[in-house]
Amino acid sequence: MIGVLLANALFFAIGTGLLPLLRIAPDRAALVERLPLAYPVGVAATGIVAAHLALIDVPLGLVELVVLAAVVLFFGLRCVREATTSNSLLLAEPRWSRLVGGGALVASLVLLAHAWATYEIRPLLEWDGWAIWGTRSRALYEFGGATGPVFTSDVYLPLQHPLLLPSLDAIDFRAMGTYDPTLVHVQLALLAFGFLLGFVSLLRDRVPLVLVGASALAVLSAEPVLKQLSTGLADVPLAFLVALGLVGTGRWLATGERWPLVAGTLFLGAATLAKSEGLFFALAALLALVPFAWERRRELGLAAAAVIAIVLPWRLFVSLQDLPLVEYRFRDAVSPGYLSDHSDRVGPAVRGLGSELFSGDWGLLVPLFLVAVVAAVLARHYALAGFAVLWTVLAFGGLVLVYWISTIPIDLALVWSGDRTIVTVVVGAAALAPLLAGAAWTSREGASGTR
Amino acid sequence: MTPRVVAVWACVALALLSSALTLPDTWRWLSDQRTELEELTAADRIQAPGFNNRLPVGGFDLFRASVRRGDTVYVHARPGTTVRGVDFPTGARTFARYYLLPAIVVERPEDATVVVGIGRDPRELGLRYRSEQREEPFYVARVRDPS
């Protein structure tokens, strides 16, 4: 256990150095205020670096992490001392909001602690958990990289899953000095904790605590989130990364501040390396921003370039190794003939994913998102509302497209993965709810909340 | 009260109500899992993926003790199905990929340094073995040492 905690402390240290280096927290006051964001930033950044190094057979262990953390902290803290920007919290918020929101956040922490206690004794049970993700994590630990047969031979199909999550697991195994398929589940609880920290940090000074806390608790307590997270599959970690990416880029759209765009871009980039669909969800976010941030297209273009730069080494690896994509071919998505021939799959896909979207297991997350959109529209925050709706439509439509071009019989495909692939759409949309409603609240309170 | 304010209040109410609806079930599921799983020993936890899918973990423990880093393993398995509906040879091969690491599973017997059999004798393959071990219905036959 100490090894896992040590590795995660180093993720936090790396994130702390990166906050000033990436101008997410350019000065001392901002660094203190946004320090909780350091952990998810550190996890995302280290995961990206580890996943890339795995492609050239360079393992990242405790020694390398210590060196990396020392270097990043040294340059980051040097950078923060030189900055002179001032900070001030502008959001007006009544006492009851802070109390209820704070209570909801405490309840979220208690729930995560309860999940931790279960995860630390839960073995790999679900088929894909050990057959795909467990095998890849263990192989990265055993071989130090991804050029061997486990990642390139047809015997080990499917091979298309990127390496961020297995790379983080492999770091934990190296830190523990052994392969422990049970204790590594603690990393999953820590990812949920990182999501909570990032979510609060990205919203805290913009959105009343009651909206932040209640939304965080609503997301984390939804049954599929902690249940699916415990399986060791990458769907929920992907959802957390995409959600943080959406909140960051959404805040940038609403306020014009650059730091949430930088943070959001990092999370979207990490999402592209968490699962293959991550690239698609990230591109949907960037595309959904285009019509509403056209006048800031240069910044948006840089963000898109950063996301592509993050995913590029993996895509090159896939291409150079000629790794087969067994379930579908991307080129079928732009082939009118293929789409026409398989159009009978669209109806079942829409109905199947729709029923997952409106499943009672999610509680009221979907109505929450819809009412939040209405709140933003009523407050005339059309751009933010438009971005949220467009991303959700693109994300859902894209999922339908994936099932449309899949080679697996549609009923089977939906049974196997429908409840998992929808997680990112629901969690991503729900994560935008406090930003949307917060915009209406801010208008109501008469404070800008921007810095 | 304007429609905008109503919408904001509705969001707060929906988020809190959503948590109230889902939190008890999620909490209970986590508690039940903990109660069920805390009885497992350390060895049980390692073997759990196999047991959970009705795969013959005892045989795989024999295989695991007989292979080492650098080995390439061919899995010679009897016909049948697993709990997931996939055929037994595929299920056994998939579990071997995970459980026998750092040994590597191969598709062709002639590429293997070790052949493991589940309900089928490696001699059926017509290879020459340096050593053979059998604990019915499991077989381990070594072709050569890893290079």
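1. A quick definition to start: two rings of Phe, Tyr or Trp (its six-membered ring) count as a pair if their centres lie within 6.5 Å. This is a predicted model, and a search of the whole structure turns up 21 aromatic pairs over all chains.

2. Have a look at Trp96(A) and Trp441(A). Their ring centres are 6.1 Å apart and their planes meet at 50°, so this pair is tilted. It joins distant parts of the chain: Trp96(A) belongs to helix H5 (residues 95–119) of chain A and Trp441(A) to helix H20 (residues 410–445) of chain A, 345 residues apart.

3. How accessible are these two residues? Trp96(A) is partly exposed because its relative accessibility is 32%, whereas Trp441(A), at 1%, counts as buried.

4. Trp96(A) also pairs with Trp9(B): the centres are 5.1 Å apart and the planes lie at 15°. Planes under 30 degrees apart count as stacked, so the pair of Trp96(A) and Trp9(B) is stacked. This pair crosses between chains, from helix H5 of chain A to helix H1 (residues 3–37) of chain B. Trp9(B) is partly exposed, with a relative accessible area of 35%.

5. Ring pairs link residues from chain A, including Trp127(A), Trp130(A) and Tyr141(A), with residues from chain B, among them Phe60(B), Tyr98(B) and Tyr99(B).

6. Which charged residue lies over the face of Tyr99(B)? That is Arg64(B), at 4.2 Å from the ring centre. In chain A, the charged end of Arg34(A) sits over the ring of Trp259(A), 3.9 Å from its centre.

Note on methods. Residues numbered from 1 in each chain as written. Chains lettered and ligands numbered in written order. Predicted model: local features only at pLDDT ≥ 70, side-chain atom pairs only at ≥ 80, totals over all residues. Heavy atoms only, no water. Phe/Tyr/Trp six-rings, centres within 6.5 Å; stacked < 30°, edge-to-face > 60°. Helix = DSSP H or I, 4+ residues; strand = E, 2+ residues; numbered from the N terminus. Buried < 20%, exposed > 50% of the residue type's maximum accessible area, 1.4 Å probe, protein only. Lys NZ or Arg CZ within 6 Å of the ring centre and 35° of its normal.
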